[in-house]
Structures are given as C-alpha cells and as structure tokens.
Amino acid sequence: MTHDSSSSDHAWMLRQMLAALDADAPPGMLHVAGRAGLASRYPVSGLACAGIGSAALMLARWARPGDCRPVRLDRALASWWFGFSIRPLGWKRPDVRDAVTGDYPARDGWIRLHANAVHHRRRALAVLGLPEDATHEAVAERIRRESAGDLEDAIVERGGCAAALRPPAAWRDHPQGRAVAAEPLVHRLPGSTGTSGAGWQDEPVPARPLAGIRVLDLTRVLAGPAATRFLAAYGAQVLRLDPEVWDEPGLVPEVTVGKRCAALDLRSPEGQDRFRRLLARADVLVHGYRPGALDALGLDAATRQAIRPGLVDVCLDAWGWTGPWRGRRGFDSLVQMSAGIAWAGEDAVPDPLPVQALDQSAGCLMAACALRGLALCRETGLGSGWRVSLARMARLLQEAADAGCGTASETLPALGPAPDSAYDPAIEPTAWGPAHRLRAPCLVTGARWGWDLPAGPLRSSPPEWW
C-alpha cells in the first residue's frame with residue numbers, strides 16, 4: 001500500500017532534510033509503501049523513511065540530471081535497515097557491546113557508560129577506582145553511591161564516554177542544548193574550484209550511477225560507515241582507513257560491505273604523506289573526527305580543499321558544531337541520554353530508541369550531502385563542505401514527536417524481526433562466513449543496489465585506489 005508523503009509520519013522530517021540540502025526535489029517524489037513501524041514513543045520508522053528517502057532522492061537527481069524520477073521506498077525494510085542488515089549463516093556476529101557498557105542507577109538518577117573501545121573502558125574504570133577486569137555488577141555497585149552528573153563530568157574529564165540521563169526540558173535549558181537548537185540541520189561550507197574526478201563518467205551510468213566516484217572514508221561507529229555503505233551500494237569506490245589500534249568487531253561485518261579497508265597512521269609523516277596522495281585523487285571525503293582533530297594534524301578544511309580542489313567534504317560530530325560540548329566524545333546512545341530521548345519519566349528506567357536511529361539517520365543525511373555536493377560540483381565546478389551532528393538529529397526527531405508526527409503510528413501495526421522474505425536470497429561470502437543481507441529499502445529507477453565486494457576485516461587491503 002502506498003501512502004501520500006504529505007500525510008505520513010516521515011513527511012515533515014523529509015521536508016526538513018531536503019530544505020537543509022537546498023535541494024528542489026519535492027517530498028512527493030518519494031512514494032512510501034507500508035504502514036507498520038518500529039515500536040517507540042518517537043516516529044523512528046518515519047525517521048528511517050525520511051533519512052533513506054533523502055539519500056535516494058539525491059541519488060536519483062545525480063543519476064538522471066534534469067529527469068528526476070519518483071523513488072519508491074519500503075517502510076518495513078527501511079526500518080529494519082536501521083537495525084542490523086546482515087544475517088549470518090552458520091556463524092555468530094560478534095557482540096557489539098562491552099560488558100561494562102550500559103545504563104546504571106546512580107544516587108540521584110541514571111548514567112550510561114560507553115566502554116566498547118578499550119581505552120574508553122579503561123578510563124571509565126580508572127575514575128571508578130576499579131580494575132580493568134571489573135565486571136558489570138562491580139561497576140553497578142560502585143555507581144550506586146555516586147552522583148550521575150558528577151560522575152559524568154569526571155569520566156569525560158578523564159577522556160572517557162558517559163552521559164547522565166536528563167529530561168528533555170533540562171536539555172533544552174542546557175548550554176549545549178541551546179547551542180544545538182540554534183544550529184541548522186546541515187552546516188554547508190564553500191569549497192574551492194576544481195574539476196571532476198578522473199573516474200567520473202560524462203553522464204552517470206543509470207545502472208551503477210556512482211561508478212568511478214572515489215570516496216575516502218575516515219569514519220567509525222556508526223553513522224559515517226552507514227553513509228559510505230549506501231554510496232558503495234550504487235558503485236562508488238570506498239576506501240576506509242583505520243589506525244592499527246582501532247577495532248569494532250561487532251559492527252565490521254555490518255558496515256564494511258562494498259569497501260576496501262586499509263591501515264593508515266595519520267599521526268606519522270609517512271601516513272600523512274600517503275593520505276595526501278589518496279585525498280588528491282578522491283572525489284568525496286567522509287570523516288568523523290572531533291572538531292579540530294584534523295586541523296591539529298595540519299589538515300584543516302582549507303588544506304583539504306587545496307589538496308583536492310573541488311572536493312566534497314562531509315563530516316560528523318556527536319554533540320553539535322557550536323557550544324561548550326562541541327569537542328566532546330559521543331555516541332548515539334549517549335546523545336539519547338543527554339538530550340532526553342531516553343527519558344520516560346521521573347521514576348522510570350531509561351527507555352532508548354529500539355535502534356541506533358540517530359546514527360543511522362545521520363548516516364543517511366551524510367550520504368545525501370555527498371550526493372548533493374557531487375551534483376553541485378558537476379554543475380558549478382565548486383567543491384563544498386557539509387557538517388552533520390547526532391545531537392541536531394536528535395532535536396529533529398524530538399521536534400517531529402512534538403509536532404505529532406508519530407501520533408498516528410501509535411495505532412499502526414508494530415514491526416517484529418525481519419522475516420526470511422526481507423533478505424536477498426543471494427549469499428554474501430563475508431570473511432567470517434556466508435550471510436544474507438536485507439533487500440534494498442529503496443528503488444531508484446534504473447539503478448542497481450548491491451556491492452561489488454563482500455564484508456571483510458579492517459586493514460585487510462593496501463592503502464591505495466583500485
């Protein structure tokens with residue numbers, strides 16, 4: 001069943017995204033089929049449709065300049081894509097979360113620790129005065145005696161990742177909440193005059209509209225990798241770069257499909273030299289370093305544009321691009337706690353979204369920014385910079401709920417786990433074993449969704465274009 005975009009819970013959010021992209025694609029060009037959605041107090045399935053829809057509409061405009069055709073989207077598949085897309089056959093996906101990661105009751109509220117990275121776990125445990133092999137139960141016992149806000153400050157000061165649960169009203173009055181509220185959904189920056197990449201076609205091949213586009217990926221969990229996975233699905237050459245010390249075993253099979261993954265140490269002179277040579281041949285750079293991190297390495301935005309004139313530069317920050325927390329480490333689940341999305345009442349335990357919807361929707365919007373930037377470069381010869389944040393995406397979702405966008409969905413059927421029919425029957429030969437992956441959530445006329453490479457481990461390819 002197809003619903004008119006103007007009456008569905010995704011329509012308002014889609015209009016906000018298209019306006020932020022300065023795109024003249026009418027929201028009515030997205031035709032959404034289906035009614036069921038993920039069970040949540042927020043319009044999560046609407047956000048999934050808006051996010052994937054914005055990227056698909058920008059792809060349609062890129063693939064057929066001057067002849068943008070309607071895009072069809074399956075609401076259930078879009079919702080499931082905001083969870084896990086891969087279903088292992090005969091093997092088990094590694095755990096995503098460390099045992100210490102989780103929500104804990106404190107003396108005066110709740111706090112969430114994010115300890116999936118070894119160094120984040122170590123720093124949080126050091127603040128708590130616990131050994132590195134401390135159990136979840138030991139951490140919980142220790143936190144019960146602490147103030148959630150004081151512990152958050154102490155862990156963040158030490159370089160760890162934590163967030164106290166706040167009511168939405170408290171976040172709106174918080175200095176960072178006020179800063180985020182004043183930001184646009186997408187920050188757009190001017191770029192330098194350049195030329196199209198050597199691999200570009202004069203006209204995109206409709207079946208693989210991103211063939212020849214080179215995307216340099218400096219992102220990690222989870223928004224950035226989701227963005228570049230979407231671009232790879234339509235033929236882009238994606239080269240992901242990671243330092244030797246980084247790993248995210250629970251998500252690598254999920255997000256490396258279609259990409260080559262290489263090791264590169266940006267802090268070494270040799271690594272910087274290699275990066276500059278790779279960047280000089282890239283069309284798109286997607287990165288998720290905290291604000292100022294690349295600048296400190298001598299790779300500020302102006303330098304990146306000078307290395308590759310005409311570059312489309314897309315970046316992500318957790319907490320927003322202004323305000324006192326702009327450089328703070330953050331993840332989807334932490335933003336949900338601070339911004340009040342996980343708040344379910346004064347005496348209630350945290351009630352987060354059923355999926356990492358801030359990450360996934362931000363990733364979709366990043367992909368849309370990349371595609372919009374490519375189209376502008378083709379039209380004007382100018383590069384561009386685009387900035388997206390998880391905190392601003394949280395505000396979009398809260399504004400949609402406040403506007404009643406999710407009210408009707410409360411009476412609609414709730415989606416359960418994806419059935420067998422939701423998966424592509426083709427087997428993906430990942431490095432861990434065979435797997436099925438969810439079918440395409442969107443249909444862009446003439447374009448084939450699929451990846452030229454199966455998912456593989458980090459640092460398994462040389463740092464070079466192919």
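**Before you start**

Residues are numbered from 1 along each chain as its sequence is written, and side-chain values use heavy atoms, with hydrogens and water left out. Because the model is predicted, local features need pLDDT of at least 70 and side-chain atom pairs count only at pLDDT 80 or more, while totals for chains, interfaces and linings use all residues.

**Stop 1: the whole protein**

Show everything as a cartoon. The protein has 16 helices and 17 strands. Here helices (H or I, at least four residues) and strands (E, at least two) are DSSP runs, numbered from the N terminus. The radius of gyration is 21 Å, close to the 23 Å that the globule rule gives for 466 residues, so the protein is as compact as a globular protein of that length. (That radius is taken over C-alpha atoms, and the globule rule is 2.2 Å times the number of residues to the power 0.38.)

Now switch to the C-alpha trace. Along its principal axes the trace spans about 65 × 55 × 50 Å. Buried residues make up 56% of the 466 residues. Buried means under 20% relative accessible area, exposed means over 50%, and partly exposed is in between (1.4 Å probe, protein chains only). Next, think about contacts, meaning heavy atoms within 4.5 Å. Among contacts between residues at least 6 apart in sequence, 77% join residues at least 24 apart.

**Stop 2**

Two packed helices are described by the angle between their axes and the distance between the axes. Axes are lines fitted to C-alpha atoms, for helices over the stretch in contact, and angles run from 0 to 180 degrees between N-to-C directions.

Select 118-128 for α4 and 148-157 for α6. They pack at an angle of about 130 degrees, with their axes 9 Å apart. That makes α4 oblique to α6. (Angles under 35 degrees count as roughly parallel, over 145 as roughly antiparallel, 65 to 115 as roughly perpendicular and the rest as oblique.) The crossing of α4 and α6 is right-handed. A crossing is left-handed if the near helix is turned anticlockwise from the far one by less than a right angle, and right-handed if clockwise.

Which residues of α4 and α6 meet? Show Ala-124, Val-127 and Leu-128 in α4, then Leu-151, Ala-154 and Ile-155 in α6. The residues of this contact divide into six nonpolar, no polar and no charged. (Ala, Val, Leu, Ile, Met, Phe, Trp, Tyr, Cys and Pro count as nonpolar, Asp, Glu, Lys and Arg as charged, and the others, Gly among them, as polar.)

Stay with Ile-155, in helix α6. Ile-155 is buried, with a relative accessible area of 0%. Not counting residues up to four places away in sequence, Ile-155 touches Leu-113, Ala-124, Val-127, Gly-160, Cys-161 and Ala-162.

**Stop 3: helices α14 and α15**

Select 332-339 and 357-380. The axes of α14 and α15 come within 8 Å and cross at roughly 110 degrees. These two helices are therefore roughly perpendicular to each other. From α14, Asp-332, Val-335 and Gln-336 meet Ala-357, Leu-358 and Asp-359 in α15. This contact divides into three nonpolar, one polar and two charged residues.

Is Ala-357 buried or exposed? Ala-357 is buried, with a relative accessible area of 0%. Leaving out residues up to four places away in sequence, Ala-357 touches Val-44, Leu-47, Phe-82 and Asp-332.

Back in α14, pick Ser-338. Ser-338 is buried too, with a relative accessible area of 0%. Leaving aside neighbours within four places in sequence, its contacts include Trp-171, Trp-319 and Trp-325.

**Stop 4: helices α1 and α16**

Select 11-20 and 390-402. The axes of α1 and α16 come within 10 Å and cross at roughly 140 degrees. The crossing of α1 and α16 is right-handed. Trp-12, Met-13, Gln-16 and Met-17 of α1 make the contact with Met-393, Leu-396, Leu-397, Glu-399 and Ala-400 of α16. These residues divide into seven nonpolar, one polar and one charged.

**Stop 5: two backbone details**

Zoom in on Val-221 and Leu-222. A cis peptide bond joins Val-221 and Leu-222, with omega about -15 degrees. Leu-222 is in the loop between β9 (214-218) and α9 (223-233).

Finish at Arg-459, in the segment after β17 (442-444). Phi of Arg-459 is near 60 degrees, a positive value in a residue other than glycine. Arg-459 is partly exposed, with a relative accessible area of 25%.
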